[in-house]
Amino acid sequence: IPDRPMKKLAALMVPSMLHIVAVVFASLVLCPFVLGSSWAELVPAALMMTGFGWLFLSASLVCLRLMKSRSTPLMEQMIKMVFCLILAIPYGITVVTLVMIPGVPAFMIQLAGLIVNGVIGLACLALATPLLSGNNLMAD
């Protein structure tokens with residue numbers, strides 16, 4: 001087990017991030033063959049999947065560190081889902097606002113959504129990092 005909070009965070013995140021990358025890569029490889037999708041359709045979808053994967057992974061990590069009771073896993077999963085949905089609201093607001101502006105390319109809208117999800121995910125990780133230190137009571 002790593003001794004520093006950031007190393008612990010990296011050790012927790014890397015396996016899950018590899019799963020997200022595998023799903024995005026598989027979709028990029030398989031969708032053109034199965035669905036006949038073009039690259040113009042795949043790249044925005046890959047950006048969206050990556051952004052939401054990062055957001056939900058960060059939110060799940062924060063919820064895992066905050067709610068360690070494990071006495072009621074159903075309630076814990078429901079709270080995690082609500083937390084993830086709440087964190088997805090800024091993405092929706094950003095995308096809807098940019099769609100209403102005429103002349104904004106769809107790729108830029110997806111890129112803005114990815115940036116919003118990335119910033120929120122980093123904020124969640126910044127919140128989770130102190131919880132991973134051994135000095136914090138909630139980290140035990």
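**View 1. Helix α4 from end to end.** At 1.5 Å a residue, the 23 residues of α4 should span 33 Å, and its end C-alpha atoms are 33 Å apart, which agrees. The expected span is 1.5 Å times one less than the number of residues in the helix. The model is predicted, so local features need pLDDT of at least 70 and side-chain atom pairs count only at pLDDT 80 or more, while totals for chains, interfaces and linings use all residues. Residues are numbered from 1 along each chain as its sequence is written, and side-chain values use heavy atoms, with hydrogens and water left out.

**View 2. The whole chain.** The chain has four helices and zero strands, in the order α-α-α-α along the sequence. Helices (H or I, at least four residues) and strands (E, at least two) are DSSP runs, numbered from the N terminus. Of the 140 residues, 34% are buried; buried means under 20% relative accessible area, exposed over 50%, and partly exposed in between (1.4 Å probe, protein chains only). Contact means heavy atoms within 4.5 Å. Among contacts between residues at least 6 apart in sequence, 67% join residues at least 24 apart.

**View 3. The largest nonpolar core.** This core has 24 residues, and M13, L55, L61, L87 and L125 have the most contacts inside it. Helices α1, α2 (39-66), α3 (73-100) and α4 (106-128) each supply at least two of its residues. The largest share, eight residues, comes from α2. A nonpolar core is a set of buried Ala, Val, Leu, Ile, Met, Phe, Trp, Tyr and Cys residues joined through side-chain atoms within 4.5 Å. Leaving aside neighbours within four places in sequence, L61 is in contact with L9, L12, M13, L125 and A128.

**View 4. N117 in its surroundings.** N117 lies in helix α4 and is buried, with a relative accessible area of 1%. Not counting residues up to four places away in sequence, N117 touches G51, F52, W54, L55 and Y91. Other buried residues of α4 include Q110, G113 and G121.

**View 5. H19 and G53.** H19 is in helix α1 and counts as exposed, at 57% relative accessibility. H19 and G53 are 34 residues apart in sequence and 9.5 Å apart in space, C-alpha to C-alpha.

**View 6. A nonpolar surface patch.** F25, V29, L30, F33, V34 and L35 make a patch of about 690 Å². V34 lies in helix α1 (residues 5-34) and is exposed, with a relative accessible area of 64%. Accessible areas come from the Shrake-Rupley method with a 1.4 Å probe; for residues, only the protein chains shown count as cover.

Methods
Patches are made of residues with over 30% relative accessible area and no salt bridge: like charges are joined within 9 Å, nonpolar side chains (Val, Leu, Ile, Met, Phe, Trp, Tyr) within 5 Å. A salt bridge is a side-chain nitrogen of Lys or Arg within 4 Å of a carboxyl oxygen of Asp or Glu.
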